[in-house]
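Please open the structure in a viewer and keep the sequence at hand.

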Amino acid sequence: MSVKKKFKGLSDKAVAWLFIGPSVFLLLAINIYPLIYAIRMSFTNFYANKIGREPQFVGLKNYIKVLNKEAIWEKMQVTANFMFWTLLLQAVIGLGLALLLNRKFKGNELLTTLIVLPMMLSPAVVGVFWTYLYNPQVGLFNYVVNFFYDFGSFDMIGSSELAPWSIVIVDTWMWTPFTMLICLAGLRSVPNYLYEAAEVDRASKWQQFIYITLPSVLPFLLLALLFRGIENFKMFDMVVELTSGGPGSATELASINLKREAFEKWKTGYSSAFAVILFVTIFGFGNVYVKVMNKIKER
Amino acid sequence: MILLFVSLFTFSANSNAKSITLGWAAWDPANALQELTKEFTAETGIDVNFEFVPWPNFADRMLNELNNKGKTFDLLIGDSQWIGAGAVYGHYVKLNDFFDKEGISMNDFSPATVYAYSTWPKGSENYYALPAMGDALAWAYRKDWFDRPELKSEFKKKHGYDLGVPASWDQLYDMCTFFQGREIDGQKRYGAAINTERGSEGITMGVTAAMYAWGMEYENPNKPYDMEGYFNSPQAVEAVEFYRKLYEDCAPPGHSDAYMVANLDAYKSGQVAFQMNWYAFWPGVSKEDSDGRVSGFFANPKQNVAAATLGGQGISVVKYSDKQDLALEYIKWFARPDVQQKWWDLGGYSCHNDVLNSPSFPTSTVYAQGFLDSMGIVKDFWQEPTFVELMLPMQEAIHDYVVNGKGTAKGALDKIIEEWVEVFEADGKL
């Protein structure tokens, strides 16, 4: 009653603002203001560690520098490779596991729990313990691989050919359960009568999968890949702990390079430009992706 | 209620007590300093809180704190390369007036350490730190394996000279390859655990140990920041190529991102005949070998010249501290010769002449003579305010060449110079 009295005289719009006000304020303070500030900084030669040195306007110089730097394109290529393989593997394995767990069998719940365990771990911890698993002398990974075929001793994180795969494997191991869970939710939402009708029409299992299961689960899978894509574009902690971006720069993702430029070299203006470019890239890709996803959903 | 009263009382008591906070890296010498500092607290009533940060995060944590003008630390034992930034950006208190007032003379400390840890601009009489922990990159070896008659004779037969402390990097390589893959006591052993770490400064500290020994100079002595032909001289190129050869032929498998602790672990677990590491770790290694049978130590071997990579730190008062007077009191106490002697006795590396020049010093530990030898030949990485910007491209390019096997040594050094020129230009030095 007292609340009613308090709000008496306030319009619905005012009450709505009252409720969303704190969230809007936080959004502006934590997201929008830093974004605008970073965009402003990206046009200056600001160094956050050079106390007393006033930033000067340099126009598009930082953007030109970032886009013309060969090393940046190498990092972008490393990031693109990492994203392509992790998303592909997580989509295929995640969907496969979801199809498996969608069947009723003894131990289904226990298996589901065991499969989702990796994604509950901290990425930094995962990075650290996989360095031990990959150790060519005592690591389990070498042992398991050599059990099937004798490759001899090989160093997953010390070789430029294998190191990119080492981070793909760990990310896939950790995050496939996420894709699997989303796909499983999709599979469980498919009405049974569709399969019953297909059975009546004598559709084979493969035809049922292609014409019923896959179209039903695809929007869910795409959503999971969108989340994973955004996460992997800014992947940092696991890779830093596992390879530090090495050997050389073989696994130095764009986000790791950005952190080094911004908070180790303190090239604030330059790294702001780099951050804006990355933001525009992911925002652009994200928008296109969402549009495609919506079209698929509408079909 | 009682709990609330007790906690309020405790809080009030703590807030009244005089205390300061000292920041350093988390390693053995820090524990020794903590032990030593108990005497300071007993004498002055000033509590000293410690915040020790693991090495891989040490620079990030401390430099962020300084750049943000943080008040967490009153005293900081910062790496030698930070002195330029500490002075130029005003993070450290200039100590000249304090030293004059308290009668602390820099002549009482080893000149190499004063130059490296305290002065900015280099070699000037502007002091921003008191030399706290002398250090250099050195080597430990498995003396017990070297003493085995069958291995000694086999080595002599193969190489024509005695298996022992290597007199050059070439000899070091011979010995490392001699042990590489050899079975000793039923276990496969390897040559050397050397620095290959990518993330912070590891591989740079390691490769420069070779580059200095080959006679590399960073710049033209007559024309500062002119690096072409100096940093990428034929000798420097040869040293980098040698370091890669050492990594490929002598490092244990998987030693591709290793620094202090990884080298120590490889050595302690009996994997390798040699380990490259800082003197700071020798008290710990030596402690586990009370009769001196297992481990021997030696300074960085000579190749063309005698030289070693400088480590170590000076202790500075943080400009943003509200307790500068208490922090200075700590420095005054720490500079006392008797405290410096205890510092050495506890496992710290004093830089005080009274300790280093004492007749008993060279024989006080098995690594003391090596330490003295090393401190006379040390060379450091750039100490410029922009040292992190200078370090990162070197880490990347050297790791890419040595560990990744990409490109050439000359190409790596040229690439580093290119990046350094850009840094110096942005800093107005070129």
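The model shown is predicted. Begin in chain B by selecting the strands β8, β9, β5 and β10, which form an open sheet in that order, with mixed pairing. Colour β8 (190–193) and β10 (295–299) separately: these strands stand at the edges of the sheet, and each has a single partner strand, so one side of each is left without a neighbour. From one strand to the next, the twist averages 20°.

To locate one pairing, select B:Y190, whose bridge partner in β9(B) is B:V272.

Helix α12 lies across β5 (137–142), β8 and β9 of chain B, and runs at about 150° to β9(B).

The view may then be widened to the domains of chain B. Where they meet, 23 residues of domain 1 are in contact with 25 residues of domain 2. On the domain 1 side, the elements that give two or more residues are α2 (28–44), α3 (55–67), α4 (83–88), α17 (368–375) and β13 (378–379) of chain B. Which element gives the most to this side? It is α17(B), with 4 residues. Coloured by class, the domain 1 side shows 12 nonpolar, 7 polar and 4 charged residues.

From that group, select α3(B) alone. This helix has 13 residues and reaches 19 Å from its first C-alpha to its last, close to the 18 Å expected at 1.5 Å a residue. Show the side chains of B:P56, B:F58, B:A59, B:M62, B:L63, B:E65 and B:L66, which are buried. After the helix, stop at B:K69, which has a positive phi, near 55°.

Finally, display both chains and select the contact between them, which takes 22 residues from chain A and 19 residues from chain B. The chain A side of this contact divides into 6 nonpolar, 11 polar and 5 charged residues.

Note on methods
Residues are numbered from 1 along each chain as its sequence is written. Chains are lettered from A and ligands numbered from 1 in the order in which they are written. This is a predicted model: local features need pLDDT of at least 70, side-chain atom pairs count only at pLDDT 80 or more; totals for chains, interfaces and linings use all residues. Two residues are in contact if their C-beta atoms, placed from the backbone, lie within 7 Å. Ala, Val, Leu, Ile, Met, Phe, Trp, Tyr, Cys and Pro count as nonpolar, Asp, Glu, Lys and Arg as charged, and the others, Gly among them, as polar. Two strands pair if DSSP finds at least two bridges between them. Axes are lines fitted to C-alpha atoms, for helices over the stretch in contact, and angles run from 0 to 180 degrees between N-to-C directions. The expected span of a helix is 1.5 Å times one less than its number of residues. A residue is buried if 20 or more other C-beta atoms lie within 10 Å of its own, exposed if 12 or fewer, and partly exposed in between; C-beta atoms are placed from the backbone.
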